[in-house]
Amino acid sequence: MDTNNILSLLDEYVMESADDIAIKMAHDFRNRRIEKNLTREQIAEQAQVAVSNIIRFEQKGLISLKNLIAIAMVLNYTSEIKSIFQTPKYATMEELTQIRRNTGKKKAHKIV
């Protein structure tokens, strides 16, 4: 068995950090911006966001939620942003049962 192939499969299951995800999102944003032939300045103007925020996002993955929403809207990703937490996610049947039991509640309670 080829060890490199096994390791590449395992890489797919490694937990990503928030920084890794932010950099990936920034990279994808830059690709979509360039595909639409939009400059940073054009995105900034349309989103009413400072160009420095666009630059910081593309280079470091850092951006406020409000600015992320604004630039996503410029590139027509409004529905994707709006639905990020729309669907409940669960990893176990116990978690699914808890989600179903808590659906409709207004706040969480500390488990003692």
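**Exercise 1.** R30, R33, R40 and E58 are linked in a network of salt bridges. Working with this predicted model, trace how E58 pairs with R33 and with R40.

*Solution.* Start with R33: its salt bridge to E58 has closest N and O atoms 2.6 Å apart. E58 sits in helix α4 (residues 51-60) and R33 in helix α2, so this pair ties together parts that are 25 residues apart in sequence. Next, take R40, where the closest N and O atoms to E58 are 2.7 Å apart. Here the link runs between helix α3, which holds R40, and helix α4, which holds E58, 18 residues apart.

Now check burial, with buried meaning under 20% relative accessible area. E58, at 11%, is buried, and R33, at 7%, is buried too. R40 comes out at 23%, so it counts as partly exposed.

**Exercise 2.** Work out how D28 and K24 are placed for their salt bridge.

*Solution.* Look at the spacing: D28 and K24 are four residues apart in helix α2 (residues 18-35), so about one helical turn separates them. Their closest N and O atoms are 2.9 Å apart.

**Exercise 3.** Decide how helices α3 and α5 are oriented relative to each other.

*Solution.* Their axes come within 9 Å and cross at roughly 105°. Angles of 65 to 115 degrees count as roughly perpendicular, so α3 and α5 are roughly perpendicular. Touching residues are I43, Q46 and A47 from α3, and A70, I71 and V74 from α5.

Methods. Residues numbered from 1 in each chain as written. Predicted model: local features only at pLDDT ≥ 70, side-chain atom pairs only at ≥ 80, totals over all residues. Heavy atoms only, no water. Axes fitted to C-alpha atoms, helices over the stretch in contact; angles between N-to-C directions. Helix = DSSP H or I, 4+ residues; strand = E, 2+ residues; numbered from the N terminus. Parallel < 35°, antiparallel > 145°, perpendicular 65-115°, else oblique. Contact = heavy atoms within 4.5 Å. Salt bridge = Lys/Arg side-chain N within 4 Å of Asp/Glu carboxyl O. Buried < 20%, exposed > 50% of the residue type's maximum accessible area, 1.4 Å probe, protein only.
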